[in-house]
Amino acid sequence: MPAVREQTAPRPPLGTDPPRRSPAPGTSSPSKSSGRTVWPYLLIAPAVLGTLYLLVYPLIRAVVISLQDFGLRQLILGHAKFVGFKNYGTLLGDGHFWEVVRRTFLFMAINVVLIMTLSTLVALMVERLGRFGRTTVLSALVLTWAMPVISATTVFQWLFHSEFGIVNEVLTGLGFESFDRYPWFAHGPAAFAIVVALVVWQSVPFAAITLYSALTTVPVELYESARIDGASGPRIFRSVTFPMIRPIFLLVFSLEVIWTFKAFVQIWVMTNGGPGDATTILPVYAVQTALSHQRYDLGSAASMVTVVLMSGVLVFYFRQMFRQEDELA
Amino acid sequence: MSTTRPRIRRLPLNAAAVLTVLVCLFPVYWMVATAFTPTRDIQSDNPRIIPGSWTLDHFRTAVGATGFGLFWRNSVLVTLSAVLLALVIALGSAYAVARMRWKGRRQFMLMVFIAQMAPWESLIIPVYIISRDTDMLDRLPTLTLVYFMMTLPFTIIVLRGFIGTIPPELEESAQVDGCTRFGAFRRIAFPLLAPGLMATSLFGYITAWNEFTYANFLIIKQQDHRTLPVWLSSFQNVFGTDWGATMAASTLFAAPALVIFLLLQRHVTSGFAAGAVKG
């Protein structure tokens, strides 16, 4: 049918197949094959070129720099020499670097566990709420989600301000006298805890809303029959609810793992990796090494280690996503 | 008995809901409240949760601060041009993916999905060095290009979805009536796409508006070319301990994003959550 239509139409300039989601054989007419091959490629060319120059090229450049001797001198004069894997050797032999790696994983683990636990609880709660409560909680979540990173970071600095911060006032008021003028950002573990609190506060809304929308797809009949069988609340969650939302849960989980590295912004603005290096995670370490100490080679090597660590989770994420919905078809 | 019992059983649930709302909203509320509180109340020994008196002084200080207008203009300029560029280029790609069949379409979409997850935090160093080599440091077009690339994959993914929902028969019949393929798309599909374009551009807008890292490391010497997030992060250095003004600046910066998200809430809570957006 469409083939006939196409032939009667006065020479469609972008002579391509009439769009069909399902493969429809016999819709192509050989006379227009040249136009068919060129137009789609022209249309995607800007996007492909942009990706090549703005994403692939920087990535290759980072790999190259990590294999060179690249300091301030080479930045200004050029002529960086290849040194093979020497930078990686330097990094992996540095105890400080390993400390940063350990801290990165600790930071990631605490964040992801807190985010996933809290957001699952919030999602379950929202599902059980009445209409009014549900709208209110969802609005509050969306508002938190919308809060720009820099604004949120500034506010948290203000909340935990040593002298006039409301947190210290409240804690002192509750009888914890030791918090009177407690300088949160001067103590490593305290600063670390605040960064975690900030990241969790900003991340729970997305995770909770996504998990909640997954929960709404679980058929009510499943709950009813489980209850008739005498299953308890936790048992229902373990055997009915969780298996149903497992794919989405794993998606959110891997996203949150990957997004841990986005905490760079909060850390850079709030503590700059300090005090000492109590909040220095891998991306912070890489940028400090490169841009503050002018060791671009070591910084790039650290960045590449980060990318390699991330790519494992990324592959898992993509497999989950493509299994979930056949996006590429 | 029978009426009170469900209510009592629901008590923990409702308490948890109230707690969630409080934890979510308190920092936002505290930012706005502090911005309206006179300095002497901010620095008092017993701060009040609800400000006793109100003032607009802090907003005046923030707006009157050196460069606020300039940085605001820079932010708007960079954001708008990045989002427009991304929209135009994504529209072409999305159309090709949704409406045409060609070799490499799957590979192209795979590239888009991977680009969506690009590790931008790990690309600062090479992007800095490339910008330096090509004399693009301290220039707003550099930021525009970076933000364009940050928003492009998501824009393609969402627009492809929107184009997919418009029946191709509409355009085909326009072509039968003598429209060119481009004309058919422009006259028939484009008006139907408008809401999708709006929603997509708003998310791109928020991403670019909030971006801090590249704005911070690519604009170094030319302080006139800084954007609002960088300015806000250094606000305390400029204003010292004037937390009222800092919170006012923070409020002014956050307001557009908060308003947009609340207006788009229905989209946010349904479809977009699955699209891997992080505001």
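**Exercise 1. Helix 7 against helix 9 in chain A**

Task: In this predicted model, at what angle do the axes of helix 7 and helix 9 of chain A cross, and which residues meet?

Solution. 
1. Take helix 7 (residues 149-159) and helix 9 (residues 188-215) of chain A; their axes come within 11 Å and cross at roughly 135°.
2. Classify the angle. Over 145 degrees would count as roughly antiparallel, and 65 to 115 as roughly perpendicular. The angle of roughly 135° therefore makes helix 7 of chain A oblique to helix 9 of chain A.
3. Assign the hand. Helix 7 of chain A passes helix 9 of chain A in a right-handed crossing.
4. List the partners. Helix 7 of chain A supplies Ala152(A), Thr153(A) and Phe156(A), which meet Ile194(A), Leu198(A) and Gln202(A) of helix 9 of chain A.
5. Sort these residues by class. Four are nonpolar, two are polar and none is charged.

**Exercise 2. Helix 5 against helix 9 in chain A**

Task: How far apart are the axes of helix 5 and helix 9 of chain A, and what is the hand of their crossing?

Solution. 
1. Two packed helices are described by the angle between their axes and the distance between the axes.
2. For helix 5 (residues 95-128) of chain A and helix 9 of chain A, the axes are 7 Å apart and the angle is about 45°.
3. Helix 5 of chain A and helix 9 of chain A are therefore oblique to each other.
4. Their crossing is right-handed.
5. Inspect the contact. Helix 5 of chain A contributes residues including Ile110(A), Leu114(A), Leu118(A), Val122(A) and Glu127(A). From helix 9 of chain A come, among them, Val196(A), Val200(A), Ser203(A), Ala207(A) and Leu211(A).
6. By class, the contact of helix 5 with helix 9 of chain A has 17 nonpolar residues, four polar and one charged.

**Exercise 3. Two backbone details in chain A**

Solution. 
1. Check omega. The bond from Gly274(A) to Pro275(A) is cis, with omega near -5°.
2. Pro275(A) sits in the loop between helix 12 (264-270) and helix 13 (282-292) of chain A.
3. Check phi. Gln294(A) has phi near 60°, a positive value in a residue other than glycine.
4. Gln294(A) belongs to the loop between helix 13 and helix 14 (296-324) of chain A.

**Exercise 4. Domains of chain B**

Task: How many residues of domain 1 of chain B are in contact with domain 2 of chain B, and which element gives the largest share?

Solution. 
1. Chain B is assigned domain 1 (4-55) and domain 2 (58-275).
2. Locate the centres. Over C-alpha atoms, they are separated by 33 Å.
3. Count the contact. Eight residues of domain 1 of chain B touch eight residues of domain 2 of chain B.
4. Find the elements. On the domain 1 side, helix 2 (11-36) and helix 3 (39-42) of chain B each give two or more residues. Helix 2 of chain B has the largest share, with four residues.
5. Sort by class. The domain 1 side has four nonpolar, four polar and no charged residues.

**Exercise 5. Interface and confidence**

Task: Which element of chain B gives the most to the side that touches chain A, and which element of chain B has the lowest mean pLDDT?

Solution. 
1. Count the residues. In the interface, 87 residues of chain B are in contact with 86 residues of chain A.
2. Find the main contributor. Helix 2 of chain B gives the most, with 13 residues.
3. Sort the chain B side by class. It has 60 nonpolar, 19 polar and eight charged residues.
4. Read the complex scores. The predictor gives an ipTM of 0.86 and a pTM of 0.86.
5. Read chain B. Its average pLDDT is 85, and 92% of the residues score at least 70.
6. Compare its elements. Helix 15 (residues 265-269) of chain B has the lowest mean pLDDT (63), and helix 2 of chain B the highest (94).
7. Over residues 271-279 of chain B, pLDDT stays under 50.

How values were computed. Residues numbered from 1 in each chain as written. Chains lettered and ligands numbered in written order. Predicted model: local features only at pLDDT ≥ 70, side-chain atom pairs only at ≥ 80, totals over all residues. Domains from an automatic or database assignment. Contact = placed C-beta atoms within 7 Å. Nonpolar A, V, L, I, M, F, W, Y, C, P; charged D, E, K, R; others polar. Axes fitted to C-alpha atoms, helices over the stretch in contact; angles between N-to-C directions. Parallel < 35°, antiparallel > 145°, perpendicular 65-115°, else oblique. Left-handed = near helix turned anticlockwise from the far one by under 90°. pLDDT = per-residue confidence, 0-100.
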